[in-house]
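Biologist: I would like to learn how to read a protein model. Could you take me through a few features, one at a time?

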Amino acid sequence: MLFALGLAAAPPQQKRDLPIPHLEKRGSATQLIVDGRPMLLLAGELGNNTSSSLEYMQPIWPRLRKMNLNTVLAPVAWDWIEPEENKFDFRVVDGLIQEARRNNLRLVFLWFGAWKDSISCYAPVWLKKDQARFPRVPDKSGKSTEVLSVLDDATLNADTKAYRALLRHLREADGQTHTVIMMQVLNEVGFLGDSRERSEGANQAFARAVPEELMGYLQKHKDKLVPEFRKVWEAGGFRSSGTWEEVFGKGPATDDIFMAWFFARYTGKLAEAGKAEHPLPTFVDAGLIDPRRPNPGEYPSGGPLPHLFDLWRAAAPAVDVYSPDIWSGGFADWCARYAVNGNPLFFPEIRGDATAAANLLYAVGQHNAMGFSPFGIESLQAPVAEQLARSYELLSQLAPLILESQAKGTIAGVVLDPQNPTRKIALGDYTLDVSYTRGRGGPPQSSPSPSGPTAAQPVDYASGLIFATGPDDYVVAGRGLTIVFGSGRPGPPMVGLARVVEGSYAPGQWTPGRILSGDDTGHGRNIRLPFGERYTILRVQLYRYH
C-alpha cells in the first residue's frame, strides 16, 4: 500500500533526479529519507542463505507482499560475489534488485564479509585456503580456527576491495532508482571463545600503547562518555597514555575494549570505502549480552554494544547506526540502552515470535524507531505471521502520522501483558492510565513462557500507539488496551469524552466510521481497544468539567 505522505513510495522503475537515501534529523527524531520523504521501514530479514538463490526466492516474494512489508533485509555474502579472486559476479545482487522492484519492495543488504556471527564462514573459498596470506586465529590450545584475524591488513584490504566493488555496482545499477536504501557493514562482529584474540600479532598490539587517536577522542569527550566505559577509564586514573592494561587495567573488561577498537577500526574502514563509491546509510548490529553468559568471549567481545559505543564512535565515524539483535527478553531495556546520544533506533534482527508484533508498536512510538525486522521472515507461521502482517498494515495506515509525530515528540508507545498490566503516560495536556484489557473481549488468561511464547501459545500481548494531535485531541491505535484520561494541566479537574470515532487511514487520510458512546466507552469513563484479529483506530476529543 502506497501513501502520498510519510511513507516512501515503492522503488521507481524509471530514472529520476532524487537524492540518495540518507539519515536526517527532524525535530525529536532521526529518520531515513528515501526519495526526498521520510520512510518507516516495515521490514523482514531473510534467513542467512535464502537470498543466495534467485530460484529459491521466487515463491517467497508473494509471501512477503502478503505480510505488508515495504522492505526486505537480504544477506549478500562475500563468497557469492567474488568466487574467484578479482572476478566479481553480481548476478544474485541484480536479481534481488529486479525482483524487489517488481514486487514494490525496497532492499537493505547485509554484508557477510570476513565474519558473520564472529565466524569467517562466508569468506570466499580462495581466501580461506590461503592461510599464509590470510591468517586464522588460534584457539586456547593453539589449534587453528575458522576465524580470520581482525588485526590482519591483508584480510581488511581484500574485504574492503570486495565491499567497495559491491557499492560501486549498486551505484551503477541502482544509483537512480534507490531500491537499495541501507547497508549493514558486517554482521554481529565480535570475538567468541575468549575475551580477546591471542594470536602473535594481537599479543604484540596489546602490549603496545593505546593509539593516540583513541586517547585524543576520549579526552575530548571525557564528560560525555558512556558511564559504564568512563568508570573503567576512571579506575585507572584517567591516564592519557600507556599500554591497554596501564590505561584500562588488567582483566576481561580491557580485553573487551581492545577488541572493540580493532573491530570498529576494521568496520569503519569498510564503511568509509563503501561510502566513497555510493554513500548509503550504514549500520552495524550486535549480538547482545545474555545474563547467563555475561563475560567477554561468552558474548561477542568487542562488538557494538552500549558499553563500547565510545570505542566504536572513535574508530568508525562512517558507521551511522548501532543496532541490537534481540533474541531474548529485556526488549524495553535494550531500546533505552541503544536510543542514546543521538543513535537512531533500528532493529534489523528480532526474534520472530508473538512479542514482535507488539514490541514494534512500542519501539516506534516510545523510542522513535525508524524500522523493525523479524528474522527468518519467510519462515514465520500462523498465528505469528498473521499478527505481524496486521501490525504492519496498521503502521502502513499510520505512517504519515507516526513520522510527523516522531519529529514533534507527540507520540507514545505501549506494550502490556498479564505480568505488566498497567502504565501511566503523560502526553500533551493529559495523562493516560493505560491498562491491559481483561474480561469481555480479552484473550485466554495464560502467561508466556520465560523464553517467549511459541506459535502454539495464545498471542496475549496488548500494544498500541498514542498520538497527541491537538490540545484536546488524540488518536489511539492498538489492541487489548483500556485507557482512562486524566487532567495534566491547570483547569477543571474532570475529563470527559466529547467524541470518540472509530475509523481508518487510507491512504494517509482519515476515514471516519462508527461514533462510539455508552457501553463502548464505559459510559464516558474510558476507551477500549479490544483484543481480536484486527487493530482498532480511534480519534478522541476530550473536554474538561467540574
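Modeller: Start with burial. A residue is buried under 20% relative accessible area, exposed over 50%, and partly exposed in between (1.4 Å probe, protein chains only). Take D174: its relative accessibility is 2%, so it counts as buried. Two notes before we go on. This is a predicted model, where local features need pLDDT of at least 70, side-chain atom pairs count only at pLDDT 80 or more, and totals for chains, interfaces and linings use all residues. Residues are numbered from 1 along each chain as its sequence is written, and side-chain values use heavy atoms, with hydrogens and water left out.

Biologist: Which residue forms a salt bridge with D174?

Modeller: First, the rule. A salt bridge is a side-chain nitrogen of Lys or Arg within 4 Å of a carboxyl oxygen of Asp or Glu. D174 pairs with R101, and their closest N and O atoms are 2.9 Å apart. This pair links distant parts of the chain: D174 sits in helix 6 and R101 in helix 4, 73 residues apart. Helices (H or I, at least four residues) and strands (E, at least two) are DSSP runs, numbered from the N terminus. R101 is buried too, at 18% relative accessibility.

Biologist: How many salt bridges does the whole structure have?

Modeller: The search finds 30. One of them joins R106 and D35, at 3.1 Å from N to O. R106 lies in strand 6 and D35 in the loop between strand 2 and strand 3, so the pair ties together parts 71 residues apart in sequence. R106 is buried, with a relative accessible area of 1%.

Biologist: Is D223 buried or exposed?

Modeller: Exposed, at 72% relative accessibility. D223 forms a salt bridge with R230, with 3.8 Å between the closest N and O atoms. R230 is partly exposed, at 22%.

Biologist: Now strands. Which strands does strand 10 join by bridges?

Modeller: Two strands pair if DSSP finds at least two bridges between them. Strand 10 runs parallel to strand 9, with two bridges. Five bridges join strand 10 to strand 11, also in parallel. From strand 10 the chain passes through helix 12 to strand 11, in a right-handed β-α-β crossover. Right-handed means that, with the strands pointing away from the viewer, the path from the first strand over the helix to the second runs clockwise.

Biologist: Why is strand 10 called largely enclosed?

Modeller: Because six of its six residues are buried. T282, V284 and A286 point one way, while F283, D285 and G287 point the other.
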